[in-house]
Amino acid sequence: MKRDEPLPQGEEKARAVRGLFDTIAGRYDLVNRVMTFGLDVGWRRRAVRELGLPPGSLVYDLACGTGDLCRDLQAKGHRAIGFDFSFGMLAKARTDAPLVQADVLRLPVTGASADGVTCGFALRNLTSLPAFFDELARVVRPGGSIALLDASEPDGAVLRAGHQLYFRRVVPVIGGLLSDRDAYAYLPRSLAYLPPPAEVHRMLADAGFPGSRRIQLTGGAAQLLVGTRA
Ligand SMILES: C[S@@+](CC[C@H](N)C(=O)[O-])C[C@H]1O[C@@H](n2cnc3c(N)ncnc32)[C@H](O)[C@@H]1O
């Protein structure tokens with residue numbers, strides 16, 4: 001994906017996203033730690049806590065990438081299974097949780113089979129949020145919970161301006177030095193795919209997660225959507 005190209009949609013987007021993560025997999029974890037100053041580690045742990053599930057729960061980590069959330073889930077005593085469509089990312093995973101190469105919009109699992117779902121930094125990479133939320137509603141049992149983490153922009157004007165400067169100007173440079181500049185120019189731009197919070201809550205309610213909550217992390221640099229399957 002080139003920096004000045006319009007953001008792709010539909011199947012073209014899915015192909016581009018998969019190719020992008022296959023390309024950057026080798027240094028994905030390193031760039032994450034550097035560009036978030038290590039804050040992403042705490043954000044994932046918070047996502048696991050917000051699930052509010054007892055140890056032993058079966059949790060699918062969707063778009064698991066290199067398996068960070070799988071490890072955090074296991075550290076809390078959960079049974080984790082990771083799903084991702086990028087073989088490059090799965091091949092670099094550092095977890096002993098079972099991993100499945102699959103499209104998270106069409107999971108190869110039976111309905112109501114999970115106590116919970118986590119998903120880290122992937123919402124904006126999906127081709128359809130309503131289709132994803134429908135799939136979550138299919139696989140999570142009634143009373144089960146979801147914790148969906150993604151990047152975000154702070155609400156206040158000053159913080160927002162600083163964040164935009166960092167995310168749009170500095171992150172691509174860090175990405176270029178350590179990995180692939182085009183990929184790390186795309187990732188900040190891809191925030192534009194995310195609808196406003198009220199619309200996301202409505203989509204979640206329509207799918208079967210009424211009353212979802214949005215938690216802003218580190219001044220709004222990241223967000224966590226938490227919900228319970230009706
Ligand atoms: C930014 S990475 C996040 C990885 C990991 N969850 C984390 O917290 O670091 C986004 C991941 O979403 C995966 N992904 C995007 N769309 C997907 C889809 N439709 N099905 C499966 N995986 C998908 C990509 O392959 C990539 O590994």
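Predicted model: local features only at pLDDT ≥ 70, side-chain atom pairs only at ≥ 80, totals over all residues.
Residues are numbered from 1 along each chain as its sequence is written, and side-chain values use heavy atoms, leaving out hydrogens and water.

Start with the sheet: seven strands, open, with mixed pairing, in the order β3-β2-β1-β4-β5-β7-β6. Strands are DSSP runs of E, at least two residues, and helices runs of H or I, at least four, numbered from the N terminus; two strands pair if DSSP finds at least two bridges between them. At the edges sit β3 (99-101) and β6 (213-217), each pairing on one side only. Over at the β3 end, β2 (residues 79-84) runs parallel to β3 over three bridges, and phenylalanine 83 stands opposite valine 100 in β3.

Now for the aromatics. Rings of Phe, Tyr and Trp (its six-membered ring) pair if their centres lie within 6.5 Å; planes under 30 degrees apart are stacked, over 60 edge-to-face, and the rest tilted. The structure has five such pairs. One of them is phenylalanine 37 with tyrosine 166, stacked at 5.7 Å centre to centre with 25° between the planes. That pair bridges 129 residues of chain, from the loop between α2 (28-35) and α3 (39-51) to helix α7 (residues 157-178). Phenylalanine 132 and phenylalanine 133 have ring centres 6.1 Å apart and planes at 45°, so they count as tilted.
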